[in-house]
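User: I have a model open and want to go through it piece by piece. Can you take my questions as they come?

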Amino acid sequence: MCSPRVMATVQEAMSRRRFLGRVGAAGAAAALGTAPPGAAGSAQEAATPVANPMATPQALASPVATGGFSRVQDLSHVITPAFPVFPGFRSLQVTNQAAVEADGFYANDVAFAEHTGTHMDAPAHFVAGGATAERLPADRLVAPLVVIDIGERAAGDPDAQLTPDDVLAWEARYGPLPAGAFVAMHSGWETRLVEPARYFNADAAGALHFPGVHPDTATLLVGERDIVGLGVDTLSLDFGAATSFDTHLAVLGAGKYGLENVAGLAAVPPSGATIVVGGPKHEGASGGPTRAFALF
Ligand SMILES: [Zn+2]
């Protein structure tokens, strides 16, 4: 006999398996760059230019359009020493180790804080004993991608937050959040990366002002919906002016992961895309730079 908990787990696994089946083996191969030789065409199409020179989100026409999607959108920013990091963390440092001309090969030694660039927050980032990034099951890293746009509000109010009403409005238009969804807040903040001070948007007293996810929304998403993770196109899941980390605690405390500084969401449809999260895998990771893609 199975306990209700076991049954729930089995049902969840089955619904995810059905979802993953829809993504399709050919699509997965293309996403991971493992399409067989001969399958690749060379049709590449540049995406709409993005103002931020540190971002290279490009939508490419997939060489294999039979897997249920035809475009791959890069959701990760290029990390540079100038990329804004949350106060207290250090920026990327690159030390050259070898050059082709002198050594016959090129290699660097790289140092960065885990919470640099487009990166994952694993549950362990805020929860003692929580899962570290390398322990997250791989099937949590491929998920239906829900993009909720608050750009209009954020343009007029840097303290704008993704509210429960925003989630309900998305559902009224597109239907219930899919099981096992990854929900991303799109505020349009990445256009400010050309001028990092505007990305932090500190006031005279040093308080930051950028959009984030309201803690009530986090509670709704982990308590009454079935999500694998939550992403934002700003520095933090909690909005800049927050004095505590309530959204982090609600999301990571429920065993879900976060993605911060997500790029390229303007090109992704609100409903119907799939996210592939290439999360960090070093031992004991509280998080780390992440290469993520939207397939649609
Ligand atoms: Zn982080």
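Analyst: Starting with D233: leaving out residues up to four places away in sequence, D233 touches M185, H186, S187, W189, E190, V262 and L265. Touching, or contact, is taken as two C-beta atoms, placed from the backbone, within 7 Å.

User: What sort of model is this, and how are residues numbered?
Analyst: This is a predicted model, where local features need pLDDT of at least 70, side-chain atom pairs count only at pLDDT 80 or more, and totals for chains, interfaces and linings use all residues. Numbering starts from 1 along each chain as its sequence is written.

User: Back to D233. Buried or exposed?
Analyst: D233 is buried, because 29 other C-beta atoms lie within 10 Å. The cut-offs are 20 or more other C-beta atoms within 10 Å for buried, 12 or fewer for exposed, and partly exposed in between, with C-beta atoms placed from the backbone.

User: Where does D233 lie?
Analyst: In the loop between β10 and α8. Helices (H or I, at least four residues) and strands (E, at least two) are DSSP runs, numbered from the N terminus.

User: OK, α8 then. Which of its residues are buried?
Analyst: Helix α8 covers residues 246-253, and its buried residues are T247, H248, A250, V251 and L252. They pack against β5 (119-121), β9, α7 (215-223), β10 (227-232) and β11. After α8 comes G255, with a positive phi near 85°.

User: How do α7 and α8 sit relative to each other?
Analyst: Their axes come within 8 Å and cross at roughly 10°. The two helices are therefore roughly parallel to each other. That label is for angles under 35 degrees; over 145 is roughly antiparallel, 65 to 115 roughly perpendicular, and the rest oblique. The axes are lines fitted to C-alpha atoms over the stretch in contact, with angles from 0 to 180 degrees between N-to-C directions.

User: Which residues make that contact?
Analyst: P215, A218, T219 and V222 on α7, and D246, T247, A250 and V251 on α8.

User: What does β11 pair with?
Analyst: β11 pairs with β5 in the antiparallel sense over three bridges, and it runs parallel to β10, also joined by three bridges. Pairing here needs at least two DSSP bridges between the strands. G229 stands opposite Y257 in β11, and M120 stands opposite L259. The chain crosses from β10 through α8 to β11, and this β-α-β crossover is right-handed. Right-handed means that, with the strands pointing away from the viewer, the path from the first strand over the helix to the second runs clockwise.

User: Which residues cover the faces of β11?
Analyst: Y257 and L259 are on one side, G258 and E260 on the other, and all four are buried.

User: And β3, what's the number buried there?
Analyst: Zero of its six residues, so β3 lies largely in the open. β3 is joined by five bridges to strand β4 (residues 107-111), and the two run antiparallel. One of the bridge pairs is A98 with A107 in β4.

User: G88 is in that region of the sequence. Which loop?
Analyst: The loop between β2 (71-74) and β3 (93-98). G88 is exposed, because it has 7 other C-beta atoms within 10 Å.

User: Change of topic. How many residues are in the largest nonpolar core?
Analyst: It has 50 residues, and those with the most contacts inside it are L145, V146, F182, V183, A184 and I275. A nonpolar core is a set of buried Ala, Val, Leu, Ile, Met, Phe, Trp, Tyr and Cys residues joined through C-beta atoms within 7 Å. Strand β6 (residues 142-149) gives the largest share of this core, six residues. Apart from it lies another core of nine residues, including A160, Y199, L208 and F210.

User: Which residues does I275 touch?
Analyst: A143, L145, F182, A292 and A294, not counting residues up to four places away in sequence.

User: Last one. What is the phi of N201 and of N261?
Analyst: N201 has a positive phi of about 55°, and N261 has a positive phi of about 60°. Most residues other than glycine have a negative phi. N201 is partly exposed, because it has 19 C-beta neighbours inside 10 Å. N261 is buried, because it has 30 other C-beta atoms within 10 Å, and it is found in the loop between β11 (257-260) and β12 (273-278).
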